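Please keep the sequence and the model in view while reading.

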Amino acid sequence: MKTESFLPIPLKTILESDINRFSLHRDLSDYPSAEFLGSIERFGLFHPPVVMKAQGTLQLLCGRKRILALQKNGRKVPVVCRVLESDDSATILMTILEDQRLAGPLSAIMTARFLRLVESYIPADSRNRFIAQSNIGSYGQLKRRLPLLKLDLAIREAIHSGAISDKTGLELATFKRADQLFLCDLFLALSLNKNKQRRLLDMCHILLARRGGTIEEMFRQDFHDFLPANITTNKPQSAGNLIKQLYEASYPMSTKAENEFVDRRKHLRLPARCYLSHSQSFEKDSVTLSIEFDNFDELERIWSNLKVFLNN
């Protein structure tokens, strides 16, 4: 049965417990942001930390960053905490989840950590049902995110903040550690969206399979202008130029065919409102000519001439 109360607890007592044990932020930086520290200093706590009383001891369940912020602000007086007295694992985990939901949506890093807690405290035959009740995705979906927890802190932080997508993070996990860190720096330097992140990763896979070595070595040799330290201005233009050059290096035959197509199209000197396109990836030799009309009436006026030409 769940019972609760609110009690003032010395900060030292909380810090002496394992404050990482149940934290959904344990895979992220310990240091609270300056904005968060300032808010705590000015206004105090809006939401009390949650501790669990079990077998005569206290264990922090929720509020690790709040406790660390109080410590860094030199808090001396006890902290009023919500005390949960329960030995039911499902109740404990749902309390942790709900506390975090009050602060905002869970990132992919946090949901992966939550699954780790579920696997530690919920019996195997009950996990699917428990995850379904938690309403944060399917068990299989969360399971696929677990490799994110093995990435370096800088990458986990970028995924948590949304600067790198969770799908990109899972793809990064297939690279060597040095390449993971280099690509993370590159994504952040260029402010790439998730689609461009995945596209760039695909081309890096192709080039590495062909050349060997590391991604940083490849960039220093052939794409020096796009090293993260060299990207300081006009990020959209830099990103576009890099993806173009990587595509040309990854798909030389397609690039050659595209250049030849552009040259031949220029040679035709098509009139205005006429457009020529090729088949996808030049899989066929066919080309398509499109003609734009202002309206249907204009098309009807010249359709008879077009029809004679097309039927020849």
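How much space lies in the second largest pocket? The second largest pocket holds about 320 Å³ of space.

## Basis of the description

The model is predicted: local features need pLDDT of at least 70, side-chain atom pairs count only at pLDDT 80 or more, and totals for chains, interfaces and linings use all residues. Residues are numbered from 1 along each chain as its sequence is written, and side-chain values use heavy atoms, with hydrogens and water left out.

## The second largest pocket

A pocket is an open set of points on a 1 Å grid over the protein atoms alone, where a 1.4 Å probe fits and protein lies on both sides within 12 Å along at least five of seven lines; lining residues have an atom within 4 Å of a point. Grid points are joined across faces, edges and corners, and a volume is the space filled by probe spheres set on the points.

For the second largest pocket, with its volume of about 320 Å³, 14 residues form the lining, and Phe261, Arg264, Phe282, Asp285 and Val287 are the closest to its centre. Helix α14 (252-268) and strand β5 (274-278) each supply at least two lining residues, and α14 gives the most, with 7 residues. Helices (H or I, at least four residues) and strands (E, at least two) are DSSP runs, numbered from the N terminus. By class, this lining has 6 nonpolar, 3 polar and 5 charged residues. Here Ala, Val, Leu, Ile, Met, Phe, Trp, Tyr, Cys and Pro count as nonpolar, Asp, Glu, Lys and Arg as charged, and the others, Gly among them, as polar.

## The largest pocket

The largest pocket contains about 810 Å³ of space. Its lining comprises 34 residues, of which His25, Phe36, Lys65, Arg66 and Ala103 are the closest to the centre. At least two lining residues come from each of α2 (34-43), β3 (57-62), α3 (64-72), α4 (89-103) and α8 (153-161). The largest share, 5 residues, belongs to α4. The lining divides into 18 nonpolar, 11 polar and 5 charged residues.

Apart from neighbours within four places in sequence, arginine 64 is in contact (heavy atoms within 4.5 Å) with Ile19, Asn20, Ser23, His25, Arg26, Leu28 and Asp30.

Glutamate 98 is located in helix α4. Because its relative accessibility is 42%, glutamate 98 counts as partly exposed.

## Strand pairing

Two strands pair if DSSP finds at least two bridges between them. Strand β2 (residues 50-54) pairs with β3 in the antiparallel sense over 5 bridges, and cysteine 62 in β3 is the bridge partner of valine 50. These two strands, β2 and β3, form a hairpin with 2 residues between them, and glutamine 55 in the turn has a positive phi of about 55 degrees.

With strand β4 (residues 79-85), β2 pairs in the parallel sense over 3 bridges. Leucine 84 in β4 stands opposite methionine 52.

Key: Buried means under 20% relative accessible area, exposed over 50%, partly exposed in between (1.4 Å probe, protein chains only).
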